[in-house]
Amino acid sequence: MEYSDGFVSNEHRELLRSVAESADPLSVSPLQISISPRSPKSPKSPGSPRSPSSPRCRQSTSKGGSPLKNDKHSHSPKDGRPKKGGSGGKGTWGGLLETEEGHALDPNDPNYDSTEECDHTNVRKTDEEFAEYKKKAAVIVEEYFATDDVVSTASELREIGLPCYSFYFVKKLVSMAMDRHDKEKEMAAVLLSALYADVIDPSQVYKGFGKLVESSDDLIVDIPDTIDVLALFVARAVVDDILPPAFLTKQLASLPKDSKGVQVLRRAEKGYLAAPLHAEIIERRWGGSKNTTVEDVKARINNLLVEYVVSGDVKEACRCIKDLKVPFFHHEIIKRALIMAMERRHAEDRLLDLLKAAAEEGLINSSQISKGFGRMIDSVDDLSLDIPSAKSILKSLISKAASEGWLSASSLKSLSLEPEKRSLEDNVARTFKLKAQSIIQEYFFSGDISEVSSCLESGNSPSSAELNAIFVKKLITLAMDRKNREKEMASILLSSLCFPADDVVNGFVMLIESADDTALDIPVVVEDLAMFLARAVVDEVLAPQHLEEIRSQCLSPDSIGSKALQMAKSLLKARLSGERILRCWGGGGSGSTARAVEDVKDKIGKLLEEYESGGDFREACRCIKELGMPFFHHEVVKKALVTVIEKKNERLWRLLRECFGSGLITMYQMMKGFSRVGEALDDLALDVPDAKKQFTYYVEQAKIAGWLDASFSISKPEHAAENGSCL
């Protein structure tokens with residue numbers, strides 16, 4: 001028997017047609033057969049009420065004598081198929097012939113099962129959660145690359161929750177960093193190390209890197225150097241102790257031999273991890289310290305302002321500001337431009353024109369402008385030491401900017417021209433700060449810890465505890481704005497001085513309280529301050545409970561200082577934290593690499609001799625820059641001026657003019673250098689009788705050129721103290 005539409009045979013159709021034609025219409029109602037697209041109804045078992053052998057069916061046959069007794073198709077609305085789409089049960093057709101896909105569950109269906117609806121709901125909810133997590137993970141990674149804020153990134157991940165999807169964050173972070181510069185790659189590696197175990201479970205890190213290796217064939221389509229870059233990420237994770245070395249072996253065994261992932265793992269194992277000194281090489285591959293980037297930005301800002309003062313090309317200066325790509329750091333441009341306007345009065349109008357143009361173009365927003373002027377107001381007292389009329393000049397600059405409409409003066413602090421009345425204690429603290437800065441700079445220069453100790457002991461006083469705290473704050477603040485060498489030296493000095501723990505705690509409290517202001521000059525203050533705190537604990541300068549004592553004195557849980565404390569605790573909790581923190585800055589800060597003062601003085605003398613004998617100006621400037629000690633440029637001024645007086649050689653005078661014009665030597669260093677020559681005039685006059693007359697002449701020339709302030713005079717008692725390593 002053949003079956004076709006509706007699973008009714010041709011023979012059966014003929015039988016039905018003949019019955020319909022011969023039957024009495026009053027005794028038998030017309031039979032309607034609908035061809036349903038759904039699967040056929042299952043034949044009924046003999047026990048079914050609709051079965052032909054059931055009593056009810058036999059009764060119907062005897063009464064009506066209908067020939068329909070052989071029709072085994074049920075006319076009941078009830079679906080006789082097995083539940084849940086199965087195909088079990090004797091004589092059933094369900095499941096095997098079912099072709100409906102995406103069939104929605106209907107609660108009114110007699111076969112409806114609530115557990116099946118629950119399964120569908122859970123799957124749909126899980127998919128939606130993962131899709132939402134993916135979107136948020138991408139946004140968090142983008143924000144991290146823009147802000148470089150590890151603490152905020154960790155907080156956002158905690159807020160999202162869903163730790164079972166952390167592997168995707170690892171994969172997304174690394175894959176996005178692979179397609180960017182070395183800076184972002186280093187940032188990604190640092191973030192993974194910081195989040196490991198504390199925010200992201202180790203198994204999720206393992207799974208994330210596994211997914212990355214498996215997707216190497218897809219990544220290489222968009223990132224041609226995927227094999228090398230991903231291999232370096234894997235090697236870096238092993239060096240940072242966030243991936244076990246066994247990861248390489250296990251993944252190799254699970255990957256197809258012809259996949260790119262195998263090449264990645266082999267490159268990581270043989271190209272990076274098997275090399276001599278592989279840890280140092282891998283950690284330095286992407287640049288390591290991020291402070292270099294900040295210093296470079298500051299140098300580029302200074303260079304573009306110097307070039308603009310010379311050329312006056314506003315469009316070129318604005319283009320350079322755009323190329324910096326640091327809109328959150330534009331307040332530094334405002335600050336440096338204002339300082340330059342104070343030092344070079346002839347360039348004041350030109351610099352204000354640039355700031356006005358940048359503001360009108362929207363290149364520097366009003367918030368950054370106010371912040372830049374606010375920083376100047378906060379530091380104008382210190383600036384007055386170098387520029388006596390700094391307050392009056394700054395007030396004039398604020399007035400001009402406000403009158404031109406690109407500065408909201410109402411948003412700034414009040415600036416009084418009246419000198420503030422300071423107590424005796426304030427004067428003592430101010431004097432000690434200057435002394436401490438000089439001592440610390442000389443220490444960074446020479447690396448002589450014993451000299452620092454003797455200088456501090458010579459100024460011992462009843463308030464030494466407060467002064468010790470000031471010294472701790474000054475030491476770390478100066479180190480944070482320098483390179484890893486100075487940071488390492490600062491940590492070594494702090495552990496060598498053996499200050500009482502309470503004094504060190506007070507020093508860090510002062511650092512925490514001023515962290516928000518420090519962040520304006522040092523954007524990575526959170527990471528640096530956290531590392532100094534963690535290093536102090538590792539060096540046993542502080543005890544772990546001291547961190548809680550410092551935290552209790554923080555002003556707000558959302559402050560930068562609180563974030564630094566939280567990060568310090570995370571660093572200390574990490575696996576192998578002691579070893580990692582000890583080598584965070586390279587070590588050996590006060591070792592044999594430290595240069596002696598006399599060696600640098602000798603280098604300065606030789607470069608001046610070479611230039612005097614016909615050397616190139618650019619080469620001389622390059623040598624001065626390579627000294628890497630802008631705070632010691634007064635020695636260049638002193639030696640050059642002495643040579644000019646002794647030999648009456650104007651060539652070195654021209655070198656000083658060019659160095660000042662290019663911003664290589666600042667007005668402060670010029671004044672300090674001239675002062676040192678003025679202090680040695682009596683000795684110089686023994687060899688050059690008219691030394692005093694010549695010196696007076698050159699001082700006047702320097703004032704005319706703008707190198708020296710108009711109020712500069714030879715006899716300044718504070719210079720003698722500033723120039724020595726001890727006061």
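In this predicted model, 43% of the 727 residues of the chain count as buried. The chain holds 36 helices and zero strands, and its accessible surface comes to about 38,000 Å², with 51% of that area belonging to carbon and sulfur atoms. Among the contacts in the chain with a separation of 6 or more, 75% are between residues 24 or more positions apart.

| Helix pair | Axes come within | Crossing angle |
|---|---|---|
| Helix 5 (residues 166-178) and helix 6 (residues 182-195) | 8 Å | roughly 160° |
| Helix 15 (residues 331-343) and helix 17 (residues 366-383) | 8 Å | roughly 45° |

Because angles over 145 degrees count as roughly antiparallel, helix 5 is roughly antiparallel to helix 6, and the crossing of helix 5 with helix 6 is left-handed. Helix 5 contributes Phe169, Val170, Leu173, Val174, Ala177 and Met178 to the contact, while helix 6 contributes Glu184, Lys185, Ala188, Leu191, Leu192 and Leu195. Sorted by class, the residues in this contact are ten nonpolar, no polar and two charged.

The angle in the second pair makes helix 15 oblique to helix 17, and helix 15 passes helix 17 in a right-handed crossing. From helix 15 the residues in contact include His331, Leu338 and Met342, and from helix 17 they include Gly372, Phe373 and Arg375. By class, the contact of helix 15 with helix 17 is made up of eight nonpolar, three polar and four charged residues.

Notes: Residues numbered from 1 in each chain as written. Predicted model: local features only at pLDDT ≥ 70, side-chain atom pairs only at ≥ 80, totals over all residues. Heavy atoms only, no water. Axes fitted to C-alpha atoms, helices over the stretch in contact; angles between N-to-C directions. Helix = DSSP H or I, 4+ residues; strand = E, 2+ residues; numbered from the N terminus. Parallel < 35°, antiparallel > 145°, perpendicular 65-115°, else oblique. Left-handed = near helix turned anticlockwise from the far one by under 90°. Contact = heavy atoms within 4.5 Å. Nonpolar A, V, L, I, M, F, W, Y, C, P; charged D, E, K, R; others polar. Buried < 20%, exposed > 50% of the residue type's maximum accessible area, 1.4 Å probe, protein only. Areas by Shrake-Rupley, 256 points an atom, 1.4 Å probe, with all protein chains shown as cover.
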